[in-house]
Amino acid sequence: MTRSTEIGKDRPCWVLYRLDDNGNEVEMRRFASREVAEAVMRDYDARGHKQAYLVREDKDSPA
């Protein structure tokens, strides 16, 4: 993983999901920063694919 996506044990974890036409959620990547996760999500959205994307905090990750 690149440095921007490394998850430290003491940081929250933000997960980028892809939603398909059938409502299935697929985890794509994890990020230490919400801002970076949302920037990557916007990049995928801008590509114009049918899928939708969302970022959610992983509540089970250490805070």
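**Nonpolar core and salt bridges**

In this predicted model, the largest nonpolar core consists of nine residues: W14, L16, F31, A37, V40, M41, Y44, Y53 and V55. Strand 1 (14–19), helix 1 (34–46) and strand 3 each contribute at least two residues to this core, and helix 1 provides the largest share, with four residues.

Six salt bridges were found in a search of the whole structure. One of them joins R34 and E38, whose closest N and O atoms lie 2.8 Å apart. Because these two residues are four positions apart in helix 1, about one helical turn separates R34 from E38. R34 is partly exposed, at a relative accessible area of 41%, and E38 is also partly exposed, at 23%. A salt bridge is likewise formed between R47 and D43, with 3.1 Å between the closest N and O atoms; D43 is partly exposed, with a relative accessible area of 41%. In the salt bridge of K59 with E57, the corresponding separation is 3.6 Å. Here K59 is exposed, at 69% relative accessibility, whereas E57 is partly exposed, at 31%.

A network of salt bridges links E27, R30 and D58. D58 lies in the segment after strand 3 (52–57). With a relative accessible area of 17%, D58 falls under the 20% limit and therefore counts as buried. The side chains of D58 and R30 are joined by a polar contact of 2.7 Å. Apart from its neighbours within four places in sequence, D58 is in contact with C13, V15 and R30.

Terms used:
Residues are numbered from 1 along each chain as its sequence is written. This is a predicted model: local features need pLDDT of at least 70, side-chain atom pairs count only at pLDDT 80 or more; totals for chains, interfaces and linings use all residues. Side-chain values use heavy atoms; hydrogens and water are left out. Buried means under 20% relative accessible area, exposed over 50%, partly exposed in between (1.4 Å probe, protein chains only). A polar contact is a pair of N or O atoms within 3.5 Å; within protein, one must be able to donate a hydrogen and the other to accept it, and residues adjacent in sequence count only if both atoms are side-chain atoms. Contact means heavy atoms within 4.5 Å. A nonpolar core is a set of buried Ala, Val, Leu, Ile, Met, Phe, Trp, Tyr and Cys residues joined through side-chain atoms within 4.5 Å. A salt bridge is a side-chain nitrogen of Lys or Arg within 4 Å of a carboxyl oxygen of Asp or Glu.
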